Amino acid sequence: MSNQVPEDGTLLPLMEEFYTIQGEGYHTGKAAYFIRLGGCDVGCHWCDVKESWDAELHPLTSAHAIIENAKKFPAKTVVITGGEPLLYNLDYLTKGLKEAGIQTFIETSGAYPLSGYWDWICLSPKKFKGPRPDVLNAAGELKVIVFNKSDFQWAEEHARFVGKNCKLYLQPEWSKSAEMTPLIIEYVKNNPQWEISLQTHKYLNIP
Ligand SMILES: C[S@@+](CC[C@H](N)C(=O)[O-])C[C@H]1O[C@@H](n2cnc3c(N)ncnc32)[C@H](O)[C@@H]1O
Ligand SMILES: Nc1nc2[nH]cc(C(=O)O)c2c(=O)[nH]1
Ligand code: SF4
Ligand SMILES: [Mg+2]
């Protein structure tokens with residue numbers, strides 16, 4: 001974690017904020033305001049936002065100002081992502097968003113302790129730094145990225161630790177999509193407890 005980030009969560013390293021359509025997972029297709037926090041040390045070699053990794057590059061921004069920005073958009077839903085947003089204490093930010101009548105969704109690897117008040121938790125666990133039990137328990141969806149064949153087995157190993165109502169998704173790693181998507185299709189046909197998640201925003205050419 002960046003040294004200057006106060007532990008009370010009133011200031012957070014903000015990389016970008018944008019209003020778009022949720023492209024992935026259970027809430028695909030819904031308008032939402034995205035809040036991308038800088039900082040991640042999980043180290044996925046295929047990460048599609050490596051510019052987020054160094055928290056020092058992203059200005060410490062008042063959580064209050066982020067909440068005021070989020071209020072301006074018609075969809076009363078935010079997605080907090082990163083980077084790895086659970087590097088930070090998200091209690092202050094999410095409390096303020098909920099007080100403003102905004103639903104709070106998170107995208108996380110689950111590699112750090114759960115903080116914040118959430119309407120939806122998307123857990124996308126990683127081999128490089130595994131998920132914590134508190135996040136596995138609280139996840140509304142488990143979204144495993146499929147980069148190679150061994151990831152199906154790995155996905156099953158993590159599915160054992162989520163709650164019984166947790167939605168299960170397999171999402172092709174973008175650069176391996178042509179190779180992996182046919183395997184995912186066959187896997188889901190044979191194991192229908194899993195569903196396919198695609199990064200639809202990349203096909204739509206939106207943020
Ligand atoms: C950039 S991450 C940020 C949030 C958090 N660090 C995480 O990994 O869940 C947002 C989502 O994009 C997924 N993702 C990142 N790079 C990807 C890629 N190359 N192909 C498919 N999904 C990717 C992640 O697994 C995660 O579900
Ligand atoms: N449209 C859109 N949907 C997304 N869902 C998760 C994203 C992320 O980077 O966390 C993302 C993103 O970057 N864009
Ligand atoms: S955990 Fe998320 S932000 Fe961090 S490297 Fe992996 S995909 Fe990228
Ligand atoms: Mg993304």
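Modeller: Two residues are in contact if their C-beta atoms, placed from the backbone, lie within 7 Å. The model discussed here is predicted.

Biologist: Which residues is C44 in contact with, leaving aside its neighbours within four places in sequence?

Modeller: C44 is in contact with K126 and F128. By the definition, the C-beta atoms of each such pair lie within 7 Å. C44 itself is found in the loop between β2 and β3.

Biologist: Does C44 count as buried, partly exposed or exposed, and what makes it so?

Modeller: C44 has 19 C-beta neighbours inside 10 Å. Buried needs 20 or more, and exposed means 12 or fewer. The value falls in between, so C44 counts as partly exposed.

Biologist: And C40, is that residue buried or exposed, and how do you know?

Modeller: C40 has 23 C-beta neighbours inside 10 Å. The cut-off is 20 or more, so C40 counts as buried. C40 is in the loop between β2 (31-37) and β3 (60-62). Not counting residues up to four places away in sequence, it touches S52, W53, G82, G83 and E84.

Biologist: Which feature does UniProt place at C40 and C44?

Modeller: The unreviewed UniProt entry places "binding site" at C40, C44 and C47. Such annotations may be inferred rather than shown by experiment.

Biologist: Why is β5 called largely enclosed by the rest of the structure?

Modeller: Five of the six residues of β5 are buried, so the strand is largely enclosed.

Biologist: What makes β4 and β5 a pair?

Modeller: Strands pair if there are at least two bridges between them. Four bridges join β4 to β5, so the two strands pair, and they run parallel. V79 stands opposite F105 in β5. The chain crosses from β4 through α2 to β5, and this β-α-β crossover is right-handed.

Biologist: How many bridges pair β5 with β6?

Modeller: Four bridges, in the parallel sense, join β5 to β6 (residues 120-123). The bridge partner of T108 in β6 is L123.

Biologist: Which residues of helix α2 are buried?

Modeller: In α2 (residues 91-99), Y92, L93, T94, G96 and L97 are buried. The buried residues of α2 pack against β1 (11-21), α1 (63-70), β4 and β5.

Biologist: Which residues come nearest to ligand 1?

Modeller: Of the 18 residues around ligand 1, D48, E107, S109, S124 and W174 come nearest. The shell divides into six nonpolar, seven polar and five charged residues.

Terms used. Residues numbered from 1 in each chain as written. Chains lettered and ligands numbered in written order. Predicted model: local features only at pLDDT ≥ 70, side-chain atom pairs only at ≥ 80, totals over all residues. Near = placed C-beta within 6 Å. Nonpolar A, V, L, I, M, F, W, Y, C, P; charged D, E, K, R; others polar. Right-handed = clockwise from strand over helix to strand, strands pointing away.
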